[in-house]
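Biologist: Could you walk me through this model? I have not looked at it before.

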Amino acid sequence: MKIQCPHCECWSRVTSSHKATDTARTGYAQCTNLACGHTFTITVTVGFTLSPSAQPNPRVLLPLSPTITRQRLTDQMRMAPHADVAGLDVASCGLSGRPWYPDLFDDPPPQSG
Ligand SMILES: [Zn+2]
């Protein structure tokens with residue numbers, strides 16, 4: 001694995017690394033530019049899941065990438081049945097004149113009688 005030196009931007013060589021966690025490794029890197037000579041530590045972490053593993057580790061909980069999550073939500077919304085607002089029976093909602101669309105943020109209709 002190569003990484004750019006943060007000072008001179010030449011390629012640096014990872015000389016050693018070890019597992020820090022199930023999703024991270026830490027190690028040492030050395031710049032290959034002899035005029036620079038920078039040595040530094042690195043940390044490599046796993047970011048997002050793009051495609052789920054066929055052999056998942058139960059200790060590893062990685063979020064799906066935002067792009068994949070957005071695509072899955074779009075697919076679910078396309079497959080969901082469309083609301084039939086025009087077919088609402090206003091009389092059975094206990095209201096007269098104003099249709100009531102059930103919503104989490106809406107107050108329930110007043111009870112009559
Ligand atoms: Zn360097």
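Biologist: What should I know about the source?
Modeller: This is a predicted model, in which local features need pLDDT of at least 70 and side-chain atom pairs count only at pLDDT 80 or more, while totals for chains, interfaces and linings use all residues. Residues are numbered from 1 along each chain as its sequence is written, and side-chain values use heavy atoms, with hydrogens and water left out.

Biologist: Which residues coordinate the zinc ion?
Modeller: The SG atoms of Cys5, Cys8, Cys31 and Cys36 do, at 2.3 to 2.4 Å. Donors are N, O and S atoms within 2.8 Å of the metal (3.2 Å for Na, K and Ca); water is not among the atoms, so sites may look incomplete. Along the chain, the donors of the zinc ion have the spacing C-x2-C-x22-C-x4-C.

Biologist: And what does the pair of Cys5 and Cys31 tie together?
Modeller: Cys5 is in the loop between strand S1 (2-4) and strand S2 (11-21), and Cys31 is in strand S3 (residues 24-31), so the pair ties together parts that are 26 residues apart in sequence. Strands here are DSSP runs (E, at least two residues), numbered from the N terminus.

Biologist: Are Cys5 and Cys31 buried or exposed?
Modeller: Both Cys5 and Cys31 are buried. Buried means under 20% relative accessible area and exposed over 50%, with partly exposed in between (1.4 Å probe, protein chains only).

Biologist: How many bridges join S2 to S3?
Modeller: Eight bridges join these antiparallel strands, and a hairpin connects S2 to S3 through two residues. Ser12 has Cys31 in S3 as its bridge partner, and Ser17 has Gly27.

Biologist: What about S3 and S4?
Modeller: S3 and S4 pair in the antiparallel sense over seven bridges. Thr26 has Thr43 in S4 as its bridge partner.

Definitions and conventions
Helices (H or I, at least four residues) and strands (E, at least two) are DSSP runs, numbered from the N terminus. Two strands pair if DSSP finds at least two bridges between them.
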